[in-house]
Amino acid sequence: MSDVHPLALLSADEINDAVAILRADHRIAGAADTAETVRFPAVRVAEPTKAELAEMEAGTRPIDRRVRVMVVPGPGPGVVDAVVSLTTGQVVEWVETADAHPTLLFMEAMSAINATRAHPEWQAAIRLRGIEDFEQVQIDPWPPGRFGLAYESERRIVRCISFWRETGGANGYARPIEGLLTIVDAARGEVLEFIDTGIVPLAPELGSYFPADQPSLRSDLKPIEITQPEGPSFTVDGNLVGWQGWQLRIGWDPFEGLVLHQVGYRDRSGASAVDELRPILHRAAVSEMVVPYGDTDPMHFWKNAFDAGEWGLGRMTTSLKLGCDCVGHIHYFDVHNTLDRGEPYVVANAICMHEEDYGILWKHVDMHHGTSEVRRSRRLVVSFVATVGNYEYGFFWYFYLDGTIQLEVKLTGIMSTKAMAIDAPASAALPYTRQIAPGLAAPLHQHLFNVRLDVTVDGFDNTVEEVNVRPIPPGPDNPWANAFVAEATVLETELAAIRDIDPAKARAWRIVNPTKLNGLGEPVAYKLIPGSTPTLHADPSSNVGRRAGFARHNLWVTPWRADERRAAGEYPNQSVGGDGLPRWTAADRPIVDTDIVVWHTFGVTHVPRPEDWPVMPVEYAGFSLVPFGFFDRNPALDLPPAAADGEHCHAETAEPAETGTPSP
Ligand code: NI
């Protein structure tokens, strides 16, 4: 055990050991009911602190391999956050939260589906709609939210909606059975409430995206083949990855999915004064996300999916396939998730790592001298895909040759749909939905992600500055009325650091290490460049406004705390709200020159369009972290010219342009 790195991916044996230690604990084994009803839906590495980790890596502290387990004792509310030491065989933490609801459990979701399908009122309503074969009805369990229902604080519930699948492989989302909703005690398999708001005819089209159902397939698409005859440029040792100066560790979490640990860069170009591995991110992962729907319809108003906390991006991950999801020379990482009773299972090829050509990185043609230099950009891609019900989310981390880090989320899959009268005009769907196909509409909604960046730019203690570009008023300081300045403001406390994007001001946030100066005498920094992103449209007083407080603003900064891990708190499912970033930052703690965590909320507002149906072309969201004075010059000058058709992509002998040199 002692040779396992403290951040290594969990093995099946480790999960089994952790669950066995907990099962033997008197708090479970000693209670007859609990021993039978207890569930262990999430098992992950309990990470050491930065100081502990440094000592373990230096060999001055023995490695204590710890595992964090979500323990669900019974069928009601109440969750235990337990930490087990595999090294000592002890339960070292046991924190009960009596009114918390756990993540949705897989078996409970199945029991809710079965309870709905067996429910007499639901069956009668299905027959009323002309459907006799209940097995052909697809039933989707949804996290219920929290809307003041009598039983929702005492029970673990899901809301189930129904879709007609004419054949086994049909697209159920093409045929929502509008008007039917069951609310089910998932832990006990009891239907608590059945709602029928009235019949809307099934949409007429199958909405198939399978090749056999298309009128024809393109025949003029020629192959593109990616070949890497000498293999990849990356190295892998366990979960430790090296590539072009980058170094990082690959981690996994049932809720966050892919976790990046200890991301650093070793400059080999002489572009900075030091030749050592320089830390940038101690840890980075998507901590939470929310998909709020903007429809007032009784069938849809409650849809606010927290896909990290309620289902788990890691728990909903599927295996990737070579040549389809990723192309080129691929390295896959397998991961282990757990079933409800703590049984580990492997998700083969869960994380894909490969290199991509990314066009040009830099180029210049010297018209005076007749030289042309161009270097190609390449990126290391580390990705995984979560399928959460109808939607797919691909999370792609990119590392570039110039020190840039990027997270790109690829949104695809199938929209959540509703039936509308077939003969109604498209305008009938307005204002809260858009028609997407005959007799079919989709509500307006958002996808808002929160990434937690435990930053460590050249050291643990960092400061965040907001940079805004401001025009200078015409006058003595600006005689030609053309001047503008980039003004940096230190974000000194948590409340001051709750910020939104402002593209008109080229707003960005710099993560600075004030104690480390670059060769120009400026503090080294990385700059968080946001994309064009909305914040939560729902009112702060709404159910989702309270539960997804993190989504109301684009930037939050907190001092690092071990128990502040996910933006909406540990237990967003059925929560009353208020937890996570809004609660922590209310203390308005200082965040200057200390160990800080940067939280960035970004995403898209999805106004459905016909082209998103029946399966949605990828829509993108994300942000970049770019070095800003982290290096003293372009760190990619040491790239060799690429070979193209046997000639190098630089031309020292090119003729100067005959037409003269235009001014830049
Ligand atoms: Ni969408």
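1. The nickel ion takes its protein donors from Y391 (OH), H445 (NE2), H447 (NE2) and H606 (ND1), which lie 1.7 to 2.0 Å from the ion; donors here are N, O and S atoms within 2.8 Å of the metal (3.2 Å for Na, K and Ca), and since water is not among the atoms, sites may look incomplete. The structure is a predicted model, in which local features need pLDDT of at least 70 and side-chain atom pairs count only at pLDDT 80 or more, while totals for chains, interfaces and linings use all residues. Residues are numbered from 1 along each chain as its sequence is written, and side-chain values use heavy atoms, with hydrogens and water left out.

2. The angles among the four donor atoms of the nickel ion run from 94 to 142°, and the site is classed as irregular. Under the rule applied, four donors count as tetrahedral if all angles lie between 85 and 135 degrees; four count as square planar and six as octahedral if opposite donors are over 155 degrees apart and all others between 65 and 115, and anything else is irregular. For orientation, the ideal angle for four tetrahedral donors at a metal is 109.5 degrees.

3. Along the sequence, the donor residues of the nickel ion follow the spacing Y-x53-H-x1-H-x158-H. Distant parts of the chain are linked in this way, with Y391 in strand β18 (residues 391-400) and H606 in strand β29, 215 residues apart; helices (H or I, at least four residues) and strands (E, at least two) are DSSP runs, numbered from the N terminus. Y391 counts as buried because its relative accessibility is 2%, and H606 counts as buried at 2% as well, where buried means under 20% relative accessible area, exposed over 50%, and partly exposed in between (1.4 Å probe, protein chains only).

4. The structure holds one disulfide, a term used for a pair of cysteine sulfur atoms within 2.5 Å; C326 and C352 form this bond, with their sulfur atoms 2.2 Å apart. Because C326 lies in the loop between α7 (307-311) and β15 (331-338) and C352 in strand β16 (residues 344-366), the pair ties together parts that are 26 residues apart in sequence. Both C326 and C352 are buried. C324, by contrast, is in no disulfide, and the nearest cysteine sulfur, that of C326, is 9.5 Å away; C324 counts as exposed, since its relative accessibility is 55%.

5. Which residues of helix α4 (residues 50-58) are buried? They are K50, L53 and M56, and because these residues cover an arc of only 125° around the axis, they sit on the same side of α4; the arc is that of the directions from the helix axis to the C-beta atoms. The cover over the buried residues of α4 includes β12 (257-266), β13 (277-292), β23 (445-455) and β29 (594-606). G59 follows α4 and has a positive phi, near 80°.

6. A568 is found in the loop between β28 (555-559) and α9 (581-585), and it counts as buried because its relative accessibility is 4%. Leaving aside residues up to four places away in sequence, A568 touches E288, F306, R547, F550, D579 and G580, contact meaning heavy atoms within 4.5 Å.

7. Strand β21 (residues 433-437) and strand β22 (residues 440-443) run antiparallel and are joined by four bridges; two strands pair if DSSP finds at least two bridges between them. T433 has P443 as its bridge partner in β22. The hairpin of β21 and β22 has two residues between the strands, and in this hairpin G439 takes a positive phi near 70°.
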